[in-house]
Amino acid sequence: MYRPAEGEQPLHQRLQKKHAKPHIMEEWVGKVYTTLCILVLVVTIVAIVYFVASRGLSTFLVNGVSLSGLLTGLKWDPEGDIPLFGALPFIFGSFSTSLLAALIAAPLGCCAAIFMTQIMPGFGRRVLQPVIELLAGIPSVVYGFVGLTVIVPLLRSTFPGQGIGIAAGALVLSVMILPTITTIATDALASLPFGLKEGSYALGATRWQTIYRIVIPTTLPSLLTGVVLGMSRAFGEALAVQMVIGNAPHIPHSLFESASTLTSAITLGMGNTVMGSAHNNALWSLALILLLMTFVFVFVVRFLERRNKR
Amino acid sequence: MKKILFLAVAVMLTVSLAACGTKGETGSGNTQNNGKTDTQAGGSAALSGSLLAAGSTALQPLVDQVSKKFMADPKYSGITVQVQGGGSGTGLTQVSGGQADIGNSDIYAEEKFKDADADKAKELVDHQVAVVAMATVVNKDITVDNLTKQQLVDIFTGKVTNWKDVGGQDEKITIVNRPSSSGTRKTFEKYALGTKSEDLQGSIQEDSSGTVKKLVAETPGAIGYLAFSYIDDSVKTLKYDGVEPKEENVVTGDYPVWAYEHMYTKGEPNEIAKAFLDYMVSVEVQNTDVVELGYIPVGKMQVKRDAAGTITK
């Protein structure tokens, strides 16, 4: 009978150790790496939120502007003899452009998704989807320039007004958010529980009846998630909108008159103001409003996803 | 084993990336003191180090072009010059805070740093490297050729809203303005209008001169203002109080809508910054690059103007 020598471990233990060592190493490296990544991420997010909040709040704490004055004031004149910080025109502009853009892009995106998943999956998913996703890769300055050269003159010759304004901004944005909405809608429709459609067909429903009675209602929360994400992208977009919207700090009388958004107010003013001045702080407050709005959008998406799971 | 290697590399990359991030934030502040003097074989002292010039987008094309020539010059091969835009406010903030060695600005620092910040302007040393002049431009269809100062003020404050009131056709005036904090707009307000213009309902504000030009060229009844370097056939320039917006009239002081392009340093410039600033105002650069890019050489000016706007011959 084999007896292990003094100090030598039994065979199975030796084998186990040999196998276990790299395994533990792997586990450890993986843990450390992911933890590090998460730490960097958390620190970054906290730092950004803290920075924007501390700057944005100093408008109220240091410069003595009232919150209600900022949110409901109609006149924006931070460089005036009596500085006025009314951001309502910007808030109005941001909401109206992104809502309008979502209104244009949502039906387009959802219908494209239905086409790609239900009607012509082969051609749609192989050709159409990459083409639509290509739209996401175009730089926003290009969208702005195309809007300025094509959409603005078109609107100007068709409607009364200067052509620039909320309508032009919304049209440019609707193309920009189309990939977001389409991609999310396509994923939602493609992951429809197997059997739902077959059941509907088995009952004798036509394809169209199946789509609008079964497919759309079942995936509606996910479709809405896509629309909300698209809207939040539209809300944060700066450059393209800034080029076509006109940027007058007033609530416009028509869709074709110069208006302004939160982002365009920030991009126009930030480089020309001195850090720490009242004007600069007010711009950070606008950024804070944008940040809070993004939180709201994220919460809405979460809420929709929760409803989707139930 | 491969996986471990991969993970290890990934960890290293992340750590080094994170390190880069922090270095980028703090490191840019340290450029000021690294002006070393090396003795080269020739016996002459050659400078080496790096320089960051940030600020005014109106001045950026010039600084960009000159910095490339400067670095290509064998005399200054040891110096790296970085040029960043960001606007006059950014330039002044960064040079005052020590993040940049040179702050480019379209306007005097005294005009930007006011009230509580007034002390910051005193620390900065002004180096005027070029002059930029601006002209009132209108859509080509406008029949008006000349606007008086009062007419311009009336237009930009919203008292006059139709071209027929200033001697043109019956056409609504659309103002294409720069943002209220822009250095170009401040110059235009100060020297052409003598008063503040307003962000009127329906007016357009654009931050880039290219967009301003495009909108003025395409929008019927549009009026705006552009630096000479941006003006071409697509828009029509107007006389100001009967004076043609031309370089000849700017240098004699007859045409008042112009401003210096400033490059500020915090305190007296160090050796590197001084070498670059001297290069900027050298005869060679002033007569080639400055003119080429549509600015007016500082030396050509027969009048001088201080921060308060007082003109001396």
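**Cores.** I looked up the nonpolar cores of this predicted model, taking a core as buried Ala, Val, Leu, Ile, Met, Phe, Trp, Tyr and Cys joined through side-chain atoms within 4.5 Å, with buried meaning under 20% relative accessible area (1.4 Å probe, protein chains only). The largest one holds 72 residues, and Ile155(B), Trp163(B), Ile223(B) and Phe276(B) have the most contacts inside it. Strand 5 of chain B is its top contributor, giving nine residues (strands are DSSP E runs of at least two residues, helices H or I runs of at least four, numbered from the N terminus). I also found a second, separate core of 66 residues, with Ala101(A), Ile181(A), Ile289(A) and Leu290(A) among them.

**Housekeeping.** Local features need pLDDT of at least 70 and side-chain atom pairs 80 or more, while totals for chains, interfaces and linings use all residues; side-chain values use heavy atoms, without hydrogens and water. Residues are numbered from 1 along each chain as written, chains are lettered from A and ligands numbered from 1 in written order.

**Interface.** Next I checked how the chains meet: 38 residues of chain A contact 37 of chain B (heavy atoms within 4.5 Å). About 3100 Å² is buried between them, 58% of it from carbon and sulfur atoms; that is accessible area (1.4 Å probe) lost on putting the two parts together, summed over both. Of the area chain A buries against chain B, Glu79(A), Asn272(A) and Val274(A) supply 20%, more than any other three residues.

Conventions
Buried < 20%, exposed > 50% of the residue type's maximum accessible area, 1.4 Å probe, protein only.
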